[in-house]
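Work through the following exercises with the model open beside you, and try each task before reading its solution.

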Amino acid sequence: MDLHRLTTQTGKIVLPLILGGAILYWMYRDFDFGEVRQVLLHEMDWTWMLLSMPFGITAQLFRGLRWRQTLSPLGEEARLSTSVNAVFLSYASSLVIPRVGEFARCGVLKRYDGVTFSKALGTVVTERAVDTIVVMAITVITLLLQLPTFHNFFVTTGTRLDTFLGQFTTTGYIVTFICLVAALVLVWMLLRTMSVYNKVKTTLGNLWQGVMSLRHVRNIPLYIALTLGIWCSYFLHYYLTFFCFEETSGLGISCALVSFVVGSIAVIVPTPNGAGPWHFSVKTMLILYGVSSTTALSFVLIVHSLQTLLVVLLGIYAMAALAQTKKAG
């Protein structure tokens, strides 16, 4: 491996960790972590947290089912268990190297079920495109539904948008700017990655087949149902955690939708599981809805940490299950 490639690969691992760590350090530099311990042991309603966890599993389960469905028209038949475990493992591996999970899960299917890697990668591109459309649709709908809420908020409190933005510190603006730059860098890196495949005619053909596979999915209603199931599961996985904390339990589904959308967009920034940008964006929205800064900081730290722990546990389960799975001949 030449020096340039080594530097690039190292940068893909180190820079996201530095970015996420820097944002978290800035957010929690003056935070009393004794507050989190107090909340975890004495104030938090764990029943709601436990109820939210199955939806984190079903989101990935539905994703595995949907992925298998898009592979079938390409003549690639993957086992259901392998598809789901590949998805479990992909999310866990992305905690170490952001976005690597998309390649890792294609590698799992190739190794265990003999699925062509580039075709599988093409269907992942399709999947990301569909999910982007869903997020955009949810964002537009949420903004339209919440316009009266934001208007009433500013009228009732006498707060104008310019004065609200004026509450951001210089560091806050810098963090927001860094997140936007990081997202643009990610897009540039993805475009460069795709250009590599364009050099290989066969691989390009397989990728195109994967992208176009959606047209040939046999059961479109099932595909739509699985897509809705994925995003409903994501939302419930997040929304139910509101009831774990006294100050957020009464905010309602409107606040949950807004902060969910903002958080979903924030995880585009390439940090492990969105750590840093997700905390910053969701905390900001909770404060806009009247949650105290201390509670908002505790909320995002606890919720993100426990949901990340679930991803790790599913990844460990997938590794154990795949170790017992017969590989392709």
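This is a predicted model: local features need pLDDT of at least 70, side-chain atom pairs count only at pLDDT 80 or more; totals for chains, interfaces and linings use all residues.

Residues are numbered from 1 along each chain as its sequence is written, and side-chain values use heavy atoms, with hydrogens and water left out.

**Exercise 1.** Describe the secondary structure and the burial of the protein.

Then turn to burial, where buried means under 20% relative accessible area with a 1.4 Å probe and protein chains only; of the 329 residues, 46% count as buried.

**Exercise 2.** Determine how helix H3 and helix H10 pack.

First take the geometry, with axes fitted to C-alpha atoms over the stretch in contact and angles running from 0 to 180 degrees between N-to-C directions: H3 (residues 46–71) and H10 (residues 220–239) pack at about 155°, their axes 8 Å apart. H3 is therefore roughly antiparallel to H10, a label given to angles over 145 degrees. Next list the contact (heavy atoms within 4.5 Å), to which H3 contributes residues including Phe55, Phe62 and Arg66, and H10 residues including Tyr223, Ile230 and Tyr234. Finally sort the contact residues, which divide into 11 nonpolar, nine polar and two charged, where Ala, Val, Leu, Ile, Met, Phe, Trp, Tyr, Cys and Pro count as nonpolar, Asp, Glu, Lys and Arg as charged, and the others, Gly among them, as polar.

**Exercise 3.** Repeat the analysis for helix H11 and helix H12.

H11 (residues 252–266) and H12 (residues 277–288) pack at an angle of about 155°, with their axes 8 Å apart, so H11 is roughly antiparallel to H12. Among the contact residues are Cys255 and Val262 of H11, and Trp278 and Leu286 of H12; the contact residues divide into nine nonpolar, three polar and no charged.

**Exercise 4.** Which residues touch the most other members of the largest nonpolar core?

A nonpolar core is a set of buried Ala, Val, Leu, Ile, Met, Phe, Trp, Tyr and Cys residues joined through side-chain atoms within 4.5 Å. Of the 65 residues in the largest one, Met44, Trp67, Phe242, Phe245, Leu286 and Phe299 touch the most other members, and helix H13 (residues 293–323) supplies the largest share, 12 residues.

Methods. Buried means under 20% relative accessible area, exposed over 50%, partly exposed in between (1.4 Å probe, protein chains only). Helices (H or I, at least four residues) and strands (E, at least two) are DSSP runs, numbered from the N terminus. Angles under 35 degrees count as roughly parallel, over 145 as roughly antiparallel, 65 to 115 as roughly perpendicular and the rest as oblique.
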